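This report describes the strand arrangement of a predicted model. The sequence and structure are shown first.

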Amino acid sequence: MQDCLFCKIVAGEIPNHTVYEDENVLAFLDIHPCSKGHTVVIPKKHFANLSEMSKTDWQEMSGGLSGALSKVQEVLNPDGVNLGINNGKAAGQAVGHAHYHLIPRWQGDGGGSMHSIVRSGEGVDVKEVAALFTK
């Protein structure tokens, strides 16, 4: 996609600080980091979101995530890492190219867990929702 920021990074039109790269995946430092070493991991092929990816694409992405995580762990040795994705505008996806965030974490850094992102589940009947998946 010509208008896609991440496709331009893959094509070398926009510089990046590469953390990890293989034939299918590129991982680079986020220019607006949440923490030291915050890394964006993208498939080199354009997908607007995860639902456009095939099983093979998911497997390739998984291998790239593993490689990027290993590199972040080796270089920065954080106490932990949050792995997240904003899939769709309602979830906060700002760039229309599927991507993951690896956010290194350290004890006492003041951050929260994935459960701190949104807390609108109070009062939801889990059994009622579960029944929707068994139809």
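Val 41 in strand 3 is the bridge partner of Ala 27. Strand 2 (residues 25–29) and strand 3 (residues 39–43) run antiparallel and are joined by 5 bridges; two strands count as paired if DSSP finds at least two bridges between them. Val 25 likewise stands opposite Pro 43 in strand 3. Helices (H or I, at least four residues) and strands (E, at least two) are DSSP runs, numbered from the N terminus.

Because 4 of its 5 residues are buried, strand 2 is largely enclosed by the rest of the structure. Buried denotes under 20% relative accessible area, with a 1.4 Å probe and protein chains only.

## The hairpin

Strand 1 and strand 2 form a hairpin, with 3 residues between them. These strands run antiparallel and are joined by 3 bridges. Within strand 2, Leu 26 is the bridge partner of Glu 21.

## The sheet and its helix

The open sheet consists of 5 strands in the order 1-2-3-5-4, with antiparallel pairing. Strand 1 (18–21) and strand 4 (80–84) each have a single partner strand and stand at the edges, so one side of each lacks a neighbour in the sheet. From one strand to the next, the twist averages 20°.

Helix 2 (residues 55–76) packs on the sheet and touches strand 1, strand 2, strand 3, strand 4 and strand 5 (100–105), contact meaning heavy atoms within 4.5 Å. The direction of helix 2 makes about 25° with that of strand 5. Axes are lines fitted to C-alpha atoms, for helices over the stretch in contact, and angles run from 0 to 180 degrees between N-to-C directions.

## Basis of the values

Residues are numbered from 1 along each chain as its sequence is written, and side-chain values use heavy atoms, leaving out hydrogens and water. In this predicted model, local features need pLDDT of at least 70 and side-chain atom pairs count only at pLDDT 80 or more, whereas totals for chains, interfaces and linings use all residues.

Technical notes: Buried means under 20% relative accessible area, exposed over 50%, partly exposed in between (1.4 Å probe, protein chains only).
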